[in-house]
Amino acid sequence: MREGFGVGVEAVVEDTVAESMRARFGSHVIHEVYGTAAMVYHMEWAARRVILPYLEADEEGIGAGVQVRHLHPAPVGAAIRARAVCTTYEGSRVVCAVQVWRGDTLLGDGVVEQRVVHREMLHRRYPDCWPAEPTSDGRPLARLAGDRR
């Protein structure tokens, strides 16, 4: 990790609840509101943004665990804000406290844990999970939207 990373580093993801984010299993919509799976996605994305600016060229972050409480609903069309703050940085382990808000209402909170590993190890250990060639813009397919590397 690059210099400057540590406890207290934070990042935010802002989005609008889309129909595709409703609570569903397969094609069956359970509730017409922001689903927990979408909330977890936003929490993980915010936590990823915490580490992104600090990853060295040969490093990658991988998910290691998620704990979530979904406290309140939000309708399709609502603006949401996911915030992640690094609370623990020990060796390769990064833990972020995460919250998702709709205005002043806390929709959910939890913890996202990541590990920072050498990209070469991932490719060597799990070769069938990585493309042989990078994408047309030179980035591996494993990048999330919003990544700047």
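**Strands, a buried glutamine and some cysteines**

Guide: Happy to! Keep in mind that this is a predicted model. Let's begin with Gln-114, which is found in strand β7, residues 105-118.

Visitor: Is Gln-114 buried or exposed?

Guide: Gln-114 is buried, because its relative accessible area is 5%, and the cut-off for buried is under 20%.

Visitor: Which residues does Gln-114 touch?

Guide: Leaving out residues up to four places away in sequence, its contacts include Ala-47, Ile-51, Ile-62, Val-94 and Cys-96.

Visitor: Okay, cysteines then. How many disulfides are there?

Guide: The count is zero. For Cys-96, the nearest cysteine sulfur belongs to Cys-86 and is 5.3 Å away. A disulfide needs the two sulfurs within 2.5 Å, so Cys-96 is in none.

Visitor: And are Cys-96 and Cys-129 buried or exposed?

Guide: Cys-96 is buried, with a relative accessible area of 0%, whereas Cys-129 is exposed at 54%.

Visitor: New topic: which way do β1 and β5 run?

Guide: Strands β1 (residues 10-16) and β5 (residues 79-90) run antiparallel, joined by seven bridges. Within that pairing, Val-12 has Arg-83 in β5 as its bridge partner.

Visitor: What is the bridge partner of Arg-83 in β6?

Guide: That would be Gln-99. β5 and β6 (residues 93-102) are also antiparallel, with nine bridges.

Visitor: How many residues sit between β5 and β6?

Guide: Two, and the strands form a hairpin. Look for Gly-91 in the turn, with its positive phi of about 60 degrees.

Note on methods. Residues numbered from 1 in each chain as written. Predicted model: local features only at pLDDT ≥ 70, side-chain atom pairs only at ≥ 80, totals over all residues. Heavy atoms only, no water. Pairing = 2+ DSSP bridges. Helix = DSSP H or I, 4+ residues; strand = E, 2+ residues; numbered from the N terminus. Buried < 20%, exposed > 50% of the residue type's maximum accessible area, 1.4 Å probe, protein only. Contact = heavy atoms within 4.5 Å.
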